[in-house]
Amino acid sequence: MYTFNPGPSQVYPAIRQYLTAAFDEGWLSAPHRGERFTALVRQTVAELKTKLNIPQDYFVFFTSSATECWEILAQSLTKQRSFHLYNGSFGEKWLDYAQAIHPASSGHQFGLEEVPDASLIPADADLVCITQNETSTATQLRDGAVLNLFNRCQQTGALLCVDVTSSLAGIHLKHIKADVWYGSVQKCFGMPAGLGLLICSPRAIARAREIGEKGHYNSLVSMYEKMLNHQTTHTPNVLAIYLLCRVLLDRGPIKAIDQHLRERVQRLYQFLEEHPQFQPLVQNPETRSTTVVAVQAAPALIEETKKRAAAAGLTLGSGYGHWAKSTFRIANFPALPDVAFDQLLQVLSAVSAA
Ligand SMILES: *Cc1c(COP(=O)(O)O)cnc(C)c1O
């Protein structure tokens with residue numbers, strides 16, 4: 001049984017053993033102001049930085065979800081307005097959350113085959129917000145595209161904030177080329193939901209301190225002050241932090257994971273391109289995602305494929321929004337073994353032959 005749903009997604013089989021260990025080692029009642037917990041946080045943050053190539057001077061915070069990060073960024077890092085470049089539902093929702101707090105925030109929607117132009121960024125935006133891997137449309141912004149936006153932000157003084165919920169721990173990201181990166185663990189980390197990660201550059205922290213917003217339990221300045229002692233503002237999801245630490249300790253460096261996912265997705269895209277009835281939703285190889293693939297076909301074939309896959313013990317992700325009936329989605333996440341992809345390709349071949 002494998003799930004290709006892009007979140008909540010396939011978890012590592014070792015999670016079972018980590019859960020038992022967490023219980024046996026007493027983590028489920030561990031005080032979050034105690035030395036044992038703060039040592040766990042220190043180790044987890046150090047491991048994240050090592051395994052994901054996060055600069056040593058960046059700050060890592062624990063949140064409950066990526067959604068919470070949308071709100072934190074609007075509350076604590078935005079003075080007047082943020083500007084959002086988006087092409088799918090998650091990017092759009094982020095803009096909705098930002099506008100609810102700062103009505104002057106605005107956005108620009110771009111196409112699935114398009115790379116957004118840095119000249120669109122207004123000079124007065126406090127934050128520029130992008131979704132590096134848009135899970136709903138299965139698109140991705142490449143390093144070069146992010147860099148162009150970052151360079152423009154350097155001119156205007158805006159902070160570049162990047163949603164990497166469905167690529168963090170899957171793709172080798174150039175963290176130095178943006179100020180804020182965030183995601184949650186139920187995607188590429190191969191963990192159950194319930195924990196978010198917010199990664200901030202020194203520049204972002206300086207901005208938060210300058211703004212000094214402290215009106216919320218999750219105000220960034222308060223989180224920063226607590227994190228100086230490896231603590232959180234509230235009782236955190238200690239179990240999830242423990243699981244994260246174990247997952248990271250058992251995994252290789254991001255470069256190797258990235259390479260593996262790239263090769264695997266290449267095989268999948270090639271299969272789809274040579275196929276008479278299925279095709280990638282995103283035609284442009286430059287804007288396609290590495291970690292989430294949307295497959296387009298006639299709605300009847302989509303339905304039939306999902307059924308056949310389910311019979312073979314494989315759950316496919318449903319299409320999103322506008323493409324709910326004409327696509328399904330496949331998560332190319334690290335916790336899925338290659339054998340799952342072999343089985344998937346067999347099902348896809350058989351369904352079309354029928
Ligand atoms: C899943 C997802 C989110 C939301 O994550 P939560 O953990 O549910 O808050 C946000 N952005 C993207 C790109 C996602 O894929």
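**Figure 1. Helix 1 passes helix 8 in a right-handed crossing.** This close-up is taken from a predicted model. The two elements shown are helix 1, residues 15-24, and helix 8, residues 238-249, whose axes come within 10 Å and cross at roughly 130 degrees. Helix 1 is therefore oblique to helix 8.

**Figure 2. Residues in the contact of helix 1 with helix 8.** From helix 1, the contact is made by Ile15, Gln17, Tyr18, Leu19, Ala21 and Ala22. Helix 8 contributes Leu239, Tyr242, Leu243, Arg246 and Val247. By residue class, this contact holds nine nonpolar residues, one polar and one charged.

**Figure 3. Arrangement of domain 1 and domain 2 in the predicted chain.** In the domain assignment, domain 1 is formed by two segments, 2-8 and 253-353, whereas domain 2 spans 15-250. Taken over C-alpha atoms, the centres of domain 1 and domain 2 are separated by 27 Å.

**Figure 4. The interface between domain 1 and domain 2.** Here 30 residues of domain 1 are in contact with 28 residues of domain 2. The size of an interface is often expressed as the accessible area lost when the parts come together. Between domain 1 and domain 2, the buried area is about 2,300 Å², and carbon and sulfur atoms give 59% of this area. On the domain 1 side, the residues that lose the most area to domain 2 are Ile254, Thr287 and Tyr320. Together, Ile254, Thr287 and Tyr320 account for 27% of what the domain 1 side buries.

Methods: Residues are numbered from 1 along each chain as its sequence is written. This is a predicted model: local features need pLDDT of at least 70, side-chain atom pairs count only at pLDDT 80 or more; totals for chains, interfaces and linings use all residues. Side-chain values use heavy atoms; hydrogens and water are left out. Axes are lines fitted to C-alpha atoms, for helices over the stretch in contact, and angles run from 0 to 180 degrees between N-to-C directions. Helices (H or I, at least four residues) and strands (E, at least two) are DSSP runs, numbered from the N terminus. Angles under 35 degrees count as roughly parallel, over 145 as roughly antiparallel, 65 to 115 as roughly perpendicular and the rest as oblique. A crossing is left-handed if the near helix is turned anticlockwise from the far one by less than a right angle, and right-handed if clockwise. Contact means heavy atoms within 4.5 Å. Ala, Val, Leu, Ile, Met, Phe, Trp, Tyr, Cys and Pro count as nonpolar, Asp, Glu, Lys and Arg as charged, and the others, Gly among them, as polar. Domain bounds come from an automatic or database domain assignment. Buried area is the accessible area (1.4 Å probe) that two parts lose on being put together, summed over both.
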